[in-house]
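Trainee: Pick one part of this model and take me through it closely. I want the contacts, the cut-offs and the numbers.

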Amino acid sequence: GGHITEIDFGFISNEPLMLTCLDDQGHCLAIFKDATRVGPAQEETAHPETPTIRGISLDTRGAKILRIDSRAPFVLTRFWVKQAAT
(Lines give C-alpha, C1' and ligand atoms only; values in the text may rest on other atoms or scores of the structure.)
Protein backbone atom coordinates (compact mmCIF):
# COMPACT_ATOMS: atom_id res chain seq x y z
CA GLY A 1 0.00 0.00 0.00
CA GLY A 2 0.89 3.66 -0.28
CA HIS A 3 1.98 6.15 2.31
CA ILE A 4 -0.30 8.75 3.79
CA THR A 5 1.14 12.11 2.76
CA GLU A 6 -1.49 14.51 4.01
CA ILE A 7 -4.65 14.49 6.08
CA ASP A 8 -7.31 17.09 6.70
CA PHE A 9 -10.22 16.64 9.05
CA GLY A 10 -12.71 18.53 11.11
CA PHE A 11 -14.08 17.35 14.42
CA ILE A 12 -16.28 18.22 17.37
CA SER A 13 -15.07 17.00 20.74
CA ASN A 14 -15.33 17.97 24.40
CA GLU A 15 -11.98 16.38 25.19
CA PRO A 16 -8.58 16.95 23.58
CA LEU A 17 -7.92 14.82 20.52
CA MET A 18 -4.57 13.18 19.91
CA LEU A 19 -3.42 12.08 16.49
CA THR A 20 -0.45 9.75 16.08
CA CYS A 21 1.26 8.97 12.78
CA LEU A 22 3.23 5.74 12.64
CA ASP A 23 5.40 4.12 9.98
CA ASP A 24 5.06 0.46 8.98
CA GLN A 25 7.40 -0.58 11.83
CA GLY A 26 5.19 1.20 14.34
CA HIS A 27 7.63 4.06 14.99
CA CYS A 28 6.05 7.39 15.77
CA LEU A 29 6.57 9.98 13.05
CA ALA A 30 4.35 12.78 14.32
CA ILE A 31 2.01 13.53 17.20
CA PHE A 32 -0.61 16.21 17.05
CA LYS A 33 -2.49 17.04 20.21
CA ASP A 34 -5.45 19.37 20.10
CA ALA A 35 -5.43 20.89 23.57
CA THR A 36 -8.55 22.98 23.12
CA ARG A 37 -11.00 22.26 25.89
CA VAL A 38 -14.62 23.21 25.96
CA GLY A 39 -14.74 24.84 29.36
CA PRO A 40 -17.55 26.11 31.60
CA ALA A 41 -17.41 29.49 29.81
CA GLN A 42 -19.14 27.99 26.81
CA GLU A 43 -22.26 27.22 28.84
CA GLU A 44 -22.95 30.96 28.97
CA THR A 45 -23.18 31.27 25.18
CA ALA A 46 -26.50 31.40 23.38
CA HIS A 47 -26.12 27.99 21.70
CA PRO A 48 -24.20 25.62 23.97
CA GLU A 49 -25.59 22.64 22.02
CA THR A 50 -23.63 23.65 18.91
CA PRO A 51 -19.94 23.26 19.78
CA THR A 52 -17.28 24.68 17.52
CA ILE A 53 -15.95 22.50 14.73
CA ARG A 54 -12.18 22.44 14.89
CA GLY A 55 -10.01 21.45 11.98
CA ILE A 56 -6.60 19.89 11.49
CA SER A 57 -4.49 19.80 8.36
CA LEU A 58 -1.35 17.74 8.75
CA ASP A 59 1.62 16.78 6.61
CA THR A 60 2.06 13.09 7.38
CA ARG A 61 4.65 12.15 4.75
CA GLY A 62 5.82 8.57 5.26
CA ALA A 63 3.03 7.54 7.62
CA LYS A 64 1.37 4.16 7.15
CA ILE A 65 -0.85 4.13 10.23
CA LEU A 66 -2.99 6.92 11.55
CA ARG A 67 -4.32 6.67 15.10
CA ILE A 68 -6.84 9.01 16.69
CA ASP A 69 -7.29 8.94 20.47
CA SER A 70 -9.68 10.79 22.70
CA ARG A 71 -10.97 10.24 26.23
CA ALA A 72 -14.49 11.06 25.08
CA PRO A 73 -16.55 10.28 21.98
CA PHE A 74 -16.00 12.71 19.14
CA VAL A 75 -17.62 13.48 15.80
CA LEU A 76 -15.67 13.76 12.56
CA THR A 77 -17.29 16.40 10.37
CA ARG A 78 -14.95 15.82 7.45
CA PHE A 79 -12.10 13.44 6.77
CA TRP A 80 -9.76 13.61 3.81
CA VAL A 81 -6.64 11.50 3.31
CA LYS A 82 -4.14 11.89 0.50
CA GLN A 83 -2.02 8.86 -0.29
CA ALA A 84 1.09 8.47 -2.43
CA ALA A 85 1.22 5.55 -4.84
CA THR A 86 4.55 4.24 -3.53
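Mentor: Start with accessibility. A residue is buried under 20% relative accessible area, exposed over 50%, and partly exposed in between (1.4 Å probe, protein chains only). By that rule glutamate 15, at 16%, counts as buried.

Two ground rules. This is a predicted model, so local features need pLDDT of at least 70 and side-chain atom pairs count only at pLDDT 80 or more, while totals for chains, interfaces and linings use all residues. Residues are numbered from 1 along each chain as its sequence is written, and side-chain values use heavy atoms, with hydrogens and water left out.

The part I pick is strand β1 (residues 4-13). Strands are DSSP runs of E with at least two residues, numbered from the N terminus.

Take the rings first. A pair of aromatic rings is described by the distance of the centres and the angle of the planes. Rings of Phe, Tyr and Trp (its six-membered ring) pair if their centres lie within 6.5 Å; planes under 30 degrees apart are stacked, over 60 edge-to-face, and the rest tilted. The structure holds two such pairs. One joins phenylalanine 9 and phenylalanine 11: 5.8 Å centre to centre, 45 degrees between the planes, hence tilted. Phenylalanine 9 is buried at 0%. Phenylalanine 11 is buried at 0%. The rings of phenylalanine 9 and phenylalanine 79 have centres 5.7 Å apart and planes at 35 degrees, so that pair is tilted too. This second pair links distant parts of the chain: phenylalanine 79 sits in strand β6 (residues 74-83), 70 residues from phenylalanine 9. Phe9, Phe11 and Phe79 form one aromatic cluster.

Phenylalanine 79 is partly exposed at 41%. Together with Leu76 and Val81, Phe79 makes a nonpolar surface patch of about 230 Å². Patch residues have over 30% relative accessible area and no salt bridge; nonpolar side chains (Val, Leu, Ile, Met, Phe, Trp, Tyr) are joined within 5 Å.

Now the core. A nonpolar core is a set of buried Ala, Val, Leu, Ile, Met, Phe, Trp, Tyr and Cys residues joined through side-chain atoms within 4.5 Å. The largest has 10 residues, among them Ile4, Ile7, Phe9 and Phe11. Strands β1, β2 and β4 (54-63) each give two or more residues to this core. β1 gives the most, with four.

Next, charges. A salt bridge is a side-chain nitrogen of Lys or Arg within 4 Å of a carboxyl oxygen of Asp or Glu. The count is four. Aspartate 8 and arginine 78 form one at 2.8 Å, N to O. Aspartate 8 lies in β1 and arginine 78 in β6, so the bridge ties together parts 70 residues apart in sequence. Aspartate 8 is buried at 19%. Arginine 78 is partly exposed at 39%.

Follow the chain past β1. Glutamate 15 forms a salt bridge with arginine 71, the closest N and O atoms being 3.0 Å apart. Glutamate 15 is in the loop between β1 and β2, and arginine 71 is in the loop between β5 (65-70) and β6, so this pair ties together parts 56 residues apart. Arginine 71 is exposed at 67%.

DSSP must find at least two bridges for strands to pair. Leucine 17 stands opposite aspartate 34 in β3.

How values were computed
Patches are made of residues with over 30% relative accessible area and no salt bridge: like charges are joined within 9 Å, nonpolar side chains (Val, Leu, Ile, Met, Phe, Trp, Tyr) within 5 Å. Accessible areas come from the Shrake-Rupley method with a 1.4 Å probe; for residues, only the protein chains shown count as cover.
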